[in-house]
Amino acid sequence: MKKLLTLFLAVYSLLLFSQDRKELGNTFIKTLLVDKNIEKAHSYFDSSVAGQIPVEQLKAITEQLQGQIGSLKTILEVNNEGNTYYYYSEFEKTKLDVQLTFGENNKMLGFFLVPHKPFEKRDETTTLKIKSDAIELNGTLLIPPSNNKKRLVIFVHGSGAHDRDETIGENKPFKDIAEYLLNNGISSYRYDKRTYSYPETFNEKSTVEEETINDAVNAAQYFKNNSDYKGYQIIILGHSQGAYMMPKIAEKAQVSKYVFMAGNARPLQDLLVEQYDYLHSIDPAKVPAEAVQEVKKQVAYLNSSKFNLNSPATELPLGQPAVYWKYLKDYNQLNEVKKVKAPMFFAQGGRDYQVTEKDFNLWKNELKNDKTAVFKLYPALSHLFIAGSGKPSPKDYETKGKVDEQFLKDLTQFILK
């Protein structure tokens, strides 16, 4: 099951396992430098590296390090660039980064101690916490210092444990969009997703309401009810899962406009099968035929009359519980979107293999009589709305880029219209 979940993360917006790897690195460092369980720590290495650093050599290195820098006191912060993570650590005699590099199977390819590398810090003047149910959303509020157009955009993430920038590798699409809007007189609020900041609050009884919908609605209500934003138009922008759930968000939030970036119009389980088939076709080694058959089997069970609220998660796609899938099966976004009585902007990348032009055309056909709905297809853009070329693949996400300027111009025009 874990293998299947890992494969899904490779195909549906997560791709780099940032949250899993962060925790793996923490555990490795504690196992090696605090517990001094050398054999267990050695098991974290990829086989290509493990043979070059035998257990006895790793033990000798660890003892030598302790003699030079003392025992590990605490990990101060964690940063990453793609597959390389920097654990800024305080030892008895100095502070250094423990640099860990992960391979595609989440096994470690590198382990070094290096001088601390500073990373960009959050600007405390733009930090805003908003209460949402039993938690606080940790977010960034950007307001133009001049030329304020009295528009405020709230960002809603794709699937997975995303930060406020929707960081994937070295790409930060939400940050790109927010900063462009700021330069054009448009305010914005983007927050760390609940499953990123408070993963413990998401459990076997949770649905996409707890994962995505409620926090977006609560953020919208905060600005609608705050006198500081009187006269502002509130716009909600959803990417991928955020766009998929936008009709339900719209029903509860009731704001001025909605932006759908690469939202699936078809059931999620249908996209899963399509994604697995595609990834198998371009790289059978990474997504073997057995994995494709397994997800097809799980989707067939989900779509059958045998599925019920007591169905075990192990028999369902992504390992998500039955209650999660029951909500999605009962949800029909194409029916719900017709109830939205506000302007909508649908944007789709032509190089997007996760959510495709099929979905874009389904939205378009459903709303063909809605004169306020805007549809834009960008042939060269990926799921992250970054331009690329060649056959689309997960490698697109590993290439650093910026959100496309033409899309940003069209988005700005829609917001200001």
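This report looks at the aromatic rings in a predicted model.

## Ground rules

Residue numbers start from 1 along each chain, following the sequence as written. In this predicted model, local features need pLDDT of at least 70, side-chain atom pairs count only at pLDDT 80 or more, and totals for chains, interfaces and linings use all residues, while side-chain values use heavy atoms, leaving out hydrogens and water.

## Ring pairs

Searching the whole structure turns up 24 aromatic pairs. Rings of Phe, Tyr and Trp (its six-membered ring) pair if their centres lie within 6.5 Å; planes under 30 degrees apart are stacked, over 60 edge-to-face, and the rest tilted.

Take F155 and F174: this pair is tilted, with 4.9 Å from centre to centre and 45° between the planes. It links distant parts of the chain, since F155 sits in strand β7 (residues 151-156) and F174 in helix α6 (residues 173-183), 19 residues apart. Helices (H or I, at least four residues) and strands (E, at least two) are DSSP runs, numbered from the N terminus. F155 is buried, at 0% relative accessible area, and F174 is buried at 0% too. Buried means under 20% relative accessible area, exposed over 50%, and partly exposed in between (1.4 Å probe, protein chains only).

Y222 and F223 pair up edge-to-face, 5.0 Å centre to centre with 90° between the planes. Y222 is partly exposed at 28%, whereas F223 is buried at 1%.

## A charge over a ring

K257 lies over the face of F414, 5.2 Å from the ring centre. That label applies if NZ of Lys or CZ of Arg is within 6 Å of the ring centre and within 35 degrees of the ring normal.
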